[in-house]
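Look at the sequence and the fold first, then read the points below.

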Amino acid sequence: MEIATFGAGCFWCVEAVFQNLRGVEKVESGYTGGRIANPTYKEVCSGLTGHNEAIRITFDPQVISFEELLEIFWKTHDPTTLNRQGNDVGTQYRSGIYYHNDEQKRLAETYKHKLNEAQAFDKPIVTEILPAAPFYKAEDYHQNYYNQNSSQPYCQFVAKPKVDKVKALFGDKLKATA
């Protein structure tokens with residue numbers, strides 16, 4: 001098993017995007033890249049800790065590659081908006097890839113460069129690509145949030161379209177139960 005860590009806005013949405021993929025063993029919502037240990041959701045939401053809402057994916061590279069995870073990452077959020085995803089605004093919602101080895105770094109930087117060169121987006125990509133920092137698992141009520149709260153308005157209007165996009169674009173990569 002390998003680990004991938006991504007920030008792409010609210011972790012409820014990002015978790016929902018990745019958790020139904022074949023080869024993904026576990027997805028945890030949490031915080032990374034900040035200045036204090038074991039931050040709370042309230043502290044991170046203040047924007048003062050420097051943490052990013054992120055997900056940590058445990059995956060089997062024999063079933064789904066890091067490069068495939070990157071493709072899904074790039075196609076399910078807007079990597080051109082600094083410290084923002086939709087109505088979620090603040091440094092805790094920044095786009096980021098937090099690599100765990102040199103190969104992940106190389107793949108992330110190469111993919112970002114190719115997207116910018118091809119002008120795949122209307123604006124330049126602002127996604128940060130940094131070494132993985134300590135990851136602090138978010139409070140229990142944030143874990144598996146979309147699946148447990150899918151009828152809530154935020155989930156219906158923000159997370160569900162992302163989940164639907166993954167089903168439409170990457171249906172062949174979904175677990176049979178998805």
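Buried means under 20% relative accessible area, exposed over 50%, and partly exposed in between, with a 1.4 Å probe and protein chains only. Helices (H or I, at least four residues) and strands (E, at least two) are DSSP runs, numbered from the N terminus. This is a predicted model: local features need pLDDT of at least 70, side-chain atom pairs count only at pLDDT 80 or more, and totals for chains, interfaces and linings use all residues. Residues are numbered from 1 along each chain as its sequence is written, and side-chain values use heavy atoms, with hydrogens and water left out.

**Helix α4**

- Helix α4 spans residues 102-117, which makes 16 residues.
- From first C-alpha to last, α4 reaches 22 Å, close to the 22 Å expected at 1.5 Å a residue. The expected span is 1.5 Å times one less than the number of residues in the helix.
- Gln104, Leu107, Ala108, Tyr111, Lys112 and Leu115 are buried in α4. They lie on the same side of α4 because they cover an arc of only 125° around the axis. The arc is that of the directions from the helix axis to the C-beta atoms.
- The face of α4 turned away from the buried side carries exposed residues: Asp102, Lys114 and Glu117.
- The cover over the buried residues of α4 includes β1 (2-8), β3 (52-59), α3 (66-75), β6 (95-99) and β7 (128-131).
- At the start of α4, a side-chain oxygen of Asn101 comes to within 3.1 Å of the backbone nitrogen of Glu103. For a polar contact, a pair of N or O atoms must lie within 3.5 Å; within protein, one must be able to donate a hydrogen and the other to accept it, and residues adjacent in sequence count only if both atoms are side-chain atoms.

- β6 is largely enclosed by the rest of the structure, because 5 of its 5 residues are buried.
- Ser95, Ile97 and Tyr99 point one way from β6, and Gly96 and Tyr98 point the other way. In a regular strand the side chains alternate between the two faces of the sheet.
- β1 and β6 run antiparallel and are joined by 4 bridges. Two strands pair if DSSP finds at least two bridges between them. Ala8 stands opposite Ser95 in β6.
- β6 and β7 run parallel, also with 4 bridges. Here Tyr99 stands opposite Pro131 in β7.
- Together, β6, α4 and β7 make a right-handed β-α-β unit. Right-handed means that, with the strands pointing away from the viewer, the path from the first strand over the helix to the second runs clockwise.

- β3 is largely enclosed by the rest of the structure, because 7 of its 8 residues are buried.
- β1 and β3 run antiparallel, with 5 bridges between them. Ala4 stands opposite Ile57 in β3.
- β2 and β3 also pair in the antiparallel sense, over 8 bridges. Thr32 stands opposite Asn52 in β3.
- Ser29 lies in β2 (residues 24-32). Ser29 counts as buried because its relative accessibility is 0%.
- Beyond its neighbours within four places in sequence, Ser29 has contacts that include Phe11, Glu15, Ala54 and Phe135. Contact means heavy atoms within 4.5 Å.

**Helices α1 and α3**

- Helix α1 (residues 11-18) has 8 of its 8 residues buried, so α1 is largely enclosed by the rest of the structure. Among them are Phe11, Trp12 and Phe18.
- Trp74 is found in helix α3. Trp74 counts as buried because its relative accessibility is 2%.
- Leaving aside neighbours within four places in sequence, Trp74 touches residues including Ile97, Ala108, Tyr111, Lys112 and Leu115.
- The C-alpha atoms of Trp74 and Val89 are separated by 19 Å, with the two residues 15 apart along the chain.

**Positive phi in two loops**

- Most residues other than glycine have a negative phi.
- Gln119 has a positive phi near 50° and is not glycine. Gln119 sits in the loop between α4 and β7. Gln119 is exposed, with a relative accessible area of 66%.
- Asn144 has a positive phi of about 55°, although it is not a glycine. Its place is in the loop between β8 (135-137) and α5 (145-148). At 26% relative accessibility, Asn144 counts as partly exposed.
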